[in-house]
Amino acid sequence: MELAAPAFRRYLLLLAQEHLEFRLPEISSLLSLCGGKFSGEQEIRVNSPFWILNIPSEEMARGLMKRTVCAKSIFELWGHGRSEGELYASLKNYPVDKMLPYLQSDSTYKVHIHTFNKTLTQAQKIKKIDALEFLPFKGKVNLKNPEHIFWILEDYGMNPNNVPEEPFHLYFGRWIADGQRELIESYSVKKRHFIGNTSMDACLSFIMANHGRVKPNDVVYDPFVGTGGLLISSAHFGAYVCGTDIDYNTIHGLGKASRKNQKWRGPDENIRANLRQYGLEKYYLDALVADSSRPIWRKGMLFDAIITDPPYGIREATRRTGSQKEAVKSVERSTENHIFVSSNYHLSDIFFDLLKFAAEYLVMGGRLVYWLPIYRPEYTEEIIPRHPCLKLISNCEQMLSSHTSRRLITMEKVKEFKDQDENSYLLDGQYMPYRGHNSFREKYFSGVTKRIAKEEKDNQK
């Protein structure tokens, strides 16, 4: 006997208009984390702030909103159309038995209007609300603390220089929950105790944790931990976090400060202090001084997610420990007589070591989320590093300049690691295209030099 498929309800998602490429992978990852998935009937206009989703339950919709930083709110969709007439017809066709629990005489409600790319007068808003009098509202209006909130949402397109008189799409629904947009401000790097030159923006940190499907009691690892910014977002979602970095001073919070008007870091500026600042210290395992090119971990699947931002060689050097032969040429000393030898660490090697490490140490179904710097004139899909144990889930671009960007790569472990997989990339003929990453720093600064020269030339005219 076949089990009946779950009855989907239609929900309207209102999204923030930033990091547009990151929104679909985030929502898709969170739906899968909640036990759902995108069906073939989803109405997704990628750049639009309004998406219609088919979700099995209100509980799953609420679970999605407890995590997302890309979405503002979600609504149970009662009706929609391309004109007011179509909207009203759609509402009249919505099953009354699904409406009635929220329209009882002993309940309170209010109607809110949201317009995208247009501002309405109060009189226009009241007129639109009054036009819904055909709905069987029996409760009392309460503008301050209603039990149920209903929204009229209108989409006037994406062009602020050409706003139409009438909206392109209209929606009406019952408010379910808001997203986690407030995390962007409450975890802002500006307010953080310990930061560095490359500390990750709070919004992107949470997006990365969501792409990685981080959940409570996971163990999350960052092999280029720096000041630990990426650990914070994972710890916020209940994961235990740890990391490594080759920079002794950063791990121990020593040396020059990154903040303006502060010369040296204070004695309590460190990764643990950051997690303590947000009440997350109990999730902090540790951060170790180690070289990501020389794994220190015992064999076996240890991590539920690896979330990291490798150095690109622009603000921070790409280094790894060298051999004793190199000691004569390069010996670096830091505080407390800590000594190590370092040599150049090519970007192509960084990413291959990272993928190899993820393939070996991620649990099955675990995710690797990392940033890949790109010189845009030379970009093709073929330069994205691959590994037979890892499946590419998403690839999102964030612009850095007119000619450079970085791509947030999300991969999932789909195959157990075998010894023969260790250097598989050398055998499949794909290694050479990735070597182009090694000159990213030169290409980045060549573009900067050209831009400065152009600006000086323009100023002389």
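I start with the second largest pocket, whose lining has nine nonpolar, two polar and four charged residues. Nonpolar here is Ala, Val, Leu, Ile, Met, Phe, Trp, Tyr, Cys and Pro, charged is Asp, Glu, Lys and Arg, and the others, Gly among them, are polar. A word on provenance: this is a predicted model, where local features need pLDDT of at least 70, side-chain atom pairs count only at pLDDT 80 or more, and totals for chains, interfaces and linings use all residues. Residues are numbered from 1 along each chain as its sequence is written, and side-chain values use heavy atoms, without hydrogens and water.

Strand S4 (108-116) and helix H5 (122-130) each give at least two residues to that lining; helices (H or I, at least four residues) and strands (E, at least two) are DSSP runs, numbered from the N terminus.

Next, helix H2, residues 58-65. Met60, Ala61, Gly63, Leu64 and Met65 are buried there, meaning under 20% relative accessible area with a 1.4 Å probe, protein chains only. Their cover includes strands S1 (9-15), S2 (50-55), S3 (71-81) and S7 (169-178), and also helix H1 (20-33).

Last, Leu231, in helix H8 (residues 229-236). Its relative accessible area is 1%, so Leu231 is buried. Beyond its neighbours within four places in sequence, Leu231 is in contact (heavy atoms within 4.5 Å) with Asp222, Val225, Val241, Cys242, Ile271 and Tyr284. Of these, Cys242 is 11 residues away along the chain, with 7.2 Å between its C-alpha atom and that of Leu231.

Conventions
Buried means under 20% relative accessible area, exposed over 50%, partly exposed in between (1.4 Å probe, protein chains only).
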